[in-house]
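I am opening a notebook page on this structure and will write down what I looked up, entry by entry.

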Amino acid sequence: MRIEADRNVCIGAGQCVMVAPEVFDQGEEDGLVEVPDTAPPKDRAAVVREAELLCPSGAITVHED
């Protein structure tokens, strides 16, 4: 699994951080999505997919390897 986050599309709603704080973060200055590890462990797959679905702007894309 690989996560792609488009900061140009992100609106800073923070849904991803609420669902998966161990995977997603928000920039301190702009509040936009950050993904410190774009290839999280497999045990995080369910919450990563949920974050993708809940993102109101569609800024998160999950690619299966």
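Entry 1, aspartate 30 and its partner. I looked up aspartate 30 in this predicted model and noted that its relative accessibility is 41%, so aspartate 30 counts as partly exposed. Aspartate 30 forms a salt bridge with arginine 7, and the closest N and O atoms of the two are 2.4 Å apart. Arginine 7 sits in the loop between strand E1 (2–5) and H1, while aspartate 30 sits in the loop between strand E2 (25–26) and strand E3 (33–34), so this pair ties together parts that are 23 residues apart in sequence. For arginine 7 I wrote down a relative accessibility of 33%, and therefore arginine 7 also counts as partly exposed.

Because glutamate 34 lies in strand E3 and arginine 7 in the loop between E1 and H1, the pair ties together parts that are 27 residues apart in sequence. Glutamate 34 is partly exposed, its relative accessible area being 33%.

I then turned to arginine 49, which forms a salt bridge with glutamate 64, the closest N and O atoms being 2.9 Å apart. Arginine 49 belongs to helix H2 and glutamate 64 to the segment after E4, so the pair ties together parts that are 15 residues apart in sequence. Arginine 49 has a relative accessible area of 35% and is partly exposed. I also noted that salt bridges with shared partners join Arg7, Asp30 and Glu34 into one network, and that the count of salt bridges comes to four.

Which residues touch the most other members of the largest nonpolar core? Of its 18 residues, they are Ile3, Cys16, Val23, Phe24, Val33, Val48 and Ile60. Helix H1 (15–19), helix H2 (45–54) and strand E4 (60–63) are the elements that give two or more residues to this core, and H2 supplies the largest share, three residues. I looked up valine 48 in particular: leaving aside residues up to four places away in sequence, valine 48 touches Met1, Ile3, Val23, Phe24, Pro40 and Val62.

I found one cavity of 30 Å³ or more in the structure, and about 90 Å³ of space lies in the largest cavity. The largest cavity is lined by 14 residues, with Cys10, Ala13, Gly14, Cys16 and Cys55 nearest its centre. By class, this lining has nine nonpolar and five polar residues, and no charged ones.

Definitions and conventions. Residues numbered from 1 in each chain as written. Predicted model: local features only at pLDDT ≥ 70, side-chain atom pairs only at ≥ 80, totals over all residues. Heavy atoms only, no water. Core = buried A, V, L, I, M, F, W, Y, C linked by side-chain atoms within 4.5 Å. Buried < 20%, exposed > 50% of the residue type's maximum accessible area, 1.4 Å probe, protein only. Helix = DSSP H or I, 4+ residues; strand = E, 2+ residues; numbered from the N terminus. Contact = heavy atoms within 4.5 Å. 1 Å grid on protein atoms, 1.4 Å probe; cavity = no way out; pocket = protein on both sides within 12 Å on 5 of 7 lines; lining within 4 Å. Points joined across faces, edges and corners; volume = space filled by probe spheres on them. Nonpolar A, V, L, I, M, F, W, Y, C, P; charged D, E, K, R; others polar. Salt bridge = Lys/Arg side-chain N within 4 Å of Asp/Glu carboxyl O.
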